[in-house]
Structures are given as structure tokens and as C-alpha cells.
Amino acid sequence: MARPIRMRVRLDGDVAEVRALIDHPMETGLRKDPGTGAPIPLHFIQNLTVSLNGKPVLETQWGQAMARNPYIQLRIHGAKPDDEVSIEWVDNQGEHGHASTRVPAQG
Amino acid sequence: METNAITNRRRFLRSLSTAAAIALGWMQPLLALAAGWNKPAFEAGNVDGAITAAGVADALPSADIIIKAPEIAENGAQVPVEISSNIPGTDAILIFSDKNVQPYVGLFEFKNGAEPFISTRIKMGDTSTLRAVARANGRYFVNTREVKVTIGGCGT
């Protein structure tokens, strides 16, 4: 199932500031379905990687305490216009997601 | 003869494209998983156990780890947290929320030009100490901040 990733990149000098919002429920396993009362299973992103031109710049391991629809902001030095920023993630149920964009011109 | 050869070729091409699809389907999660996932640390039920299982030892208190978080978080389900380290050689930041059922929130490793900086949002179950650990040249440093949580965020 495709879960959208919204990504924005801004270039300031040689620093690319990346902001990303990943659509994901990040279920803790503690919640119950309000209708049926059945427990909602644990469902959360375990690994997320951000890469610049295919080289990892941020590698993460996450627990279920990352907030729903995870937001991350990071800064990558040595970036230039048209470089490729990509994000990929995998969760505890084996679902995965991927998105990429290009570093824009200065501004 | 001729038709047989064509059919065989089609069959072969079809099997190739199936193989490629399977390979792609498998490759993506494997790539992301290369980073590993520290199950004992994430499943630890108290902060000391989580810190030890995460491999953090002899962490020195350091004001060079800057934690930005609200003093009072109205909604424990979405607590904005920004952490940066001015300790030279910082290549990883770990976040713990002491009173969470499972206190280890996450590990962020910086490489290939990424600044030791992360801004994100976490869940906090209760008013608690927020703990940021920085790893630099194999040594660990720690700073803390208290965050008052009005409505806990783990059962929501």
C-alpha cells in the first residue's frame, strides 16, 4: 500500500535543509478500535534512511514512540542544485515506502 | 520448428521479467533494513535498561547537546523536539523519554555531510525527563530536559 511522503528541500549555500512528513499511523499497540474495542496491532516504522545522490546521510532506528505521521528535519552539507534527495523506510509489518526529489536552486 | 522457437523465446522473456519483479520487491526492504533494529533496547521497559541495551556507557553530562522542547506539552502524542550537538565528531544522537512504557524513542546516525541535528515529533506518555545522548568518537555524552505533559500520548 502506498503511503505518501511529502518532502521539501531548501538550499542555503551548500547546505540542503530537508523537511519530510511521512504518512504512517505509528500504532503503539496500546490503542483499541473505538467501534469494536479490539486492540489495534503494533504498526510502526523501524528504519528510515535519507540519502543524497544514493549515499546515506541519515540512518535511523525508530521505536513506536515516534509520533504519528513522522516529521523529520535535517541539514546536509556539501549539497548543490539538482542533487537527488531520497527517503526510504520499512516498518515492523514489512511495508515500505520511498520518495525522492531534487535539490532546487539557491533561495 | 520456427513457431516453437518463438514460443520458447517468449516464455523465457516472460520468466525474466517475473524474476526482475521479484528481485525488486525484495531489494527495497533489504536495503532499508541494512541499518538493523535493536530489539532489546526498544523493548526495554525502563530507561536504564534501554540505555544499556542501546550500547550507551559512561555518558558524560554535556551542555553542548542542545535540546529544544516545550516546557509544557499540551498533547503528548505530538511533542516537537529539536536536538543538535556541538561536540566535535558527533555521529549519532539517541533520544529517550524516561517515563514512556518503552523509553527508547530512536537512533539517528549522521554521515556523509549530515549535520548532527534532528528536528522531529515524539510521543510522551507522561510528564518526564527527555534524554538526548550524543555519540562522538565512540564516547557518549548526555543532556536532559523536563517536559510537562498535559495529555499523555501513548494510548492515543
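Start by selecting chains A and B together: between chain B and chain A there are 22 residue pairs in polar contact, both residues at pLDDT 80 or more. A polar contact here is a pair of N or O atoms within 3.5 Å; within protein, one must be able to donate a hydrogen and the other to accept it, and residues adjacent in sequence count only if both atoms are side-chain atoms.

Before going on, note that this is a predicted model, in which local features need pLDDT of at least 70 and side-chain atom pairs count only at pLDDT 80 or more, while totals for chains, interfaces and linings use all residues. Residues are numbered from 1 along each chain as its sequence is written, chains are lettered from A and ligands numbered from 1 in the order in which they are written, and side-chain values use heavy atoms, leaving out hydrogens and water.

Now colour the side of chain B that touches chain A. Helix 1 (2-33), strand 6 (104-110) and strand 7 (117-122) of chain B each supply at least two of its residues; helices (H or I, at least four residues) and strands (E, at least two) are DSSP runs, numbered from the N terminus. Strand 6 of chain B gives the largest share, seven residues.

Next, show everything in contact (heavy atoms within 4.5 Å): 37 residues of chain B meet 36 residues of chain A.

Zoom in on A:E59 and B:K111. They form a salt bridge whose closest N and O atoms are 2.6 Å apart, and the count between chain B and chain A is two salt bridges. The term means a side-chain nitrogen of Lys or Arg within 4 Å of a carboxyl oxygen of Asp or Glu.

Then move to strand 5 (residues 71-77) of chain A. Two bridges join this strand to strand 7 of chain B, and the two run antiparallel; strands pair if DSSP finds at least two bridges between them. Select A:I72 to find its bridge partner, B:T120, in strand 7 of chain B.
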